[in-house]
Amino acid sequence: MSSDSSAAARTPGFAYAFAAYVTWGGSPLYWKQLAHVPPVALLCHRVVWSFVLVAGLLALRRRWSETLDVLRQPRALAALLLTTTLISFNWGLYIWAINSGRMVQGSLGYYINPLANVLLARLFLGERLRWLQVGAVGLAALGVLNLAVGMGEVPWVSLALAGSFSLYGLVRKLAPVESLTGLVVETALAAPVALGVLLLGGWEQPVWGSTSRDTLLLMFSGVATALPLLWFAQAARRLRYSTLGIIQYVSPTLQLALAVLVYGEAFTSRHAVTFACLWTAVALYAFDGLWAARVPAPTPAGQGT
């Protein structure tokens, strides 16, 4: 690919990436509008309407045969059942964190997430850590430990968000399933359970919202969930992974700013020290990614340039 065509591919890639991460970073503004809805009910709506959206997209593209192929593969189906559990837990915990005044912890989790990815790659994929990556993971661990000592408890929300999303990414990486098809299968597996919980949950307020505004917000929760995932998939096809690794910090930065500046959550000196450790770790991680991208891969023996 020529440099001109490569640049042409990157331009929409950047647009898709920023659209995805800005949407994720600003999502607390959306979920806060539904803070009066029980988190479990909100999660169920998120799953059901996400399935409606992605199933409609798959039907428009006439790609149902890919989904049927996945359903015939026991190993792929088992992997997607696990990812369904992980992403449902992550979505539900994130909603609960936002609407219970724990957005700072939520943003901390998504700062930790890429560093957790590095650690999981070492543990499960046998990838060797470069020395800057070791330093980044170590600094992140020190930051979490500092906050745990200051709070008198482990910041479990942050660790659970980071851990569940990192494990989700690892399993999806190992499962040979295309992104849209995988999302359709995941939401299809979760949707019957979610719909059953909605219909049988015995909520104090109407299942579909107490006002027309609530009903519309609940219906569009599928768009708010699935659309940035699809944008991210488009960005990942056009940009280097190291570039995405830097842009992704737009999301937790926006979440942190909203938590402190808009919703008035506490940001103490302990938080400042922890985030200083994490931001330094992020800088090391980003620099390492850029440096690794500059170094050309070694030419295999017997092949010319």
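**Figure 1. The buried residues of helix α6.** Leu132, Gln133, Ala136, Val137, Ala140, Gly143, Val144, Asn146, Leu147 and Ala148 are the buried residues of α6. Buried means under 20% relative accessible area, exposed over 50%, and partly exposed in between (1.4 Å probe, protein chains only). Helices (H or I, at least four residues) and strands (E, at least two) are DSSP runs, numbered from the N terminus. An α-helix has 3.6 residues a turn, so residues three or four places apart point the same way. Helix α6 covers residues 131-151, which makes 21 residues. From first C-alpha to last, α6 reaches 30 Å, close to the 30 Å expected at 1.5 Å a residue. The expected span is 1.5 Å times one less than the number of residues. Glycine 152 follows α6, and its phi is positive, near 80°.

**Figure 2. Confidence along the chain.** This is a predicted model, in which local features need pLDDT of at least 70, side-chain atom pairs count only at pLDDT 80 or more, and totals for chains, interfaces and linings use all residues. Residues are numbered from 1 along each chain as its sequence is written, and side-chain values use heavy atoms, with hydrogens and water left out. pLDDT is the predictor's confidence in each residue, from 0 to 100. The chain has a mean pLDDT of 84, and 90% of its residues reach 70 or more. Confidence is highest in helix α4 (residues 74-99), at a mean of 93, and lowest in helix α11 (residues 241-247), at 70. Over residues 1-5 the pLDDT is below 50, and this stretch has one contact beyond near neighbours in sequence. Residues 297-305 also have pLDDT below 50, with one contact beyond near neighbours in sequence. Contact means heavy atoms within 4.5 Å.

**Figure 3. The salt bridge between aspartate 288 and arginine 130.** Their side chains meet at 2.7 Å, N to O. The pair links distant parts of the chain, 158 residues apart. Aspartate 288 sits in helix α13 (residues 269-294), arginine 130 in the loop between α5 (103-124) and α6. Aspartate 288 is buried, at 5% relative accessible area. Arginine 130 is partly exposed, at 38%. A salt bridge is a side-chain nitrogen of Lys or Arg within 4 Å of a carboxyl oxygen of Asp or Glu. The structure holds three salt bridges.

**Figure 4. The salt bridge between arginine 172 and glutamate 186.** The closest N and O atoms are 3.1 Å apart. Arginine 172 lies in helix α7 and glutamate 186 in helix α8 (residues 179-200), so the pair ties together parts 14 residues apart in sequence. Arginine 172 is buried, with a relative accessible area of 14%. Glutamate 186 is buried too, at 3%.

**Figure 5. The salt bridge between aspartate 69 and arginine 72.** The N to O distance is 3.0 Å. Aspartate 69 is partly exposed, at 38% relative accessible area. Arginine 72 is exposed, at 59%.

**Figure 6. Serine 166 and its contacts.** Serine 166 lies in helix α7 (residues 156-174). Serine 166 is buried, with a relative accessible area of 2%. Leaving aside neighbours within four places in sequence, serine 166 is in contact with Asn113, Ala116, Asn117 and Leu120. Asparagine 113 is 53 residues away from serine 166 in sequence, yet 6.2 Å away in space, C-alpha to C-alpha.
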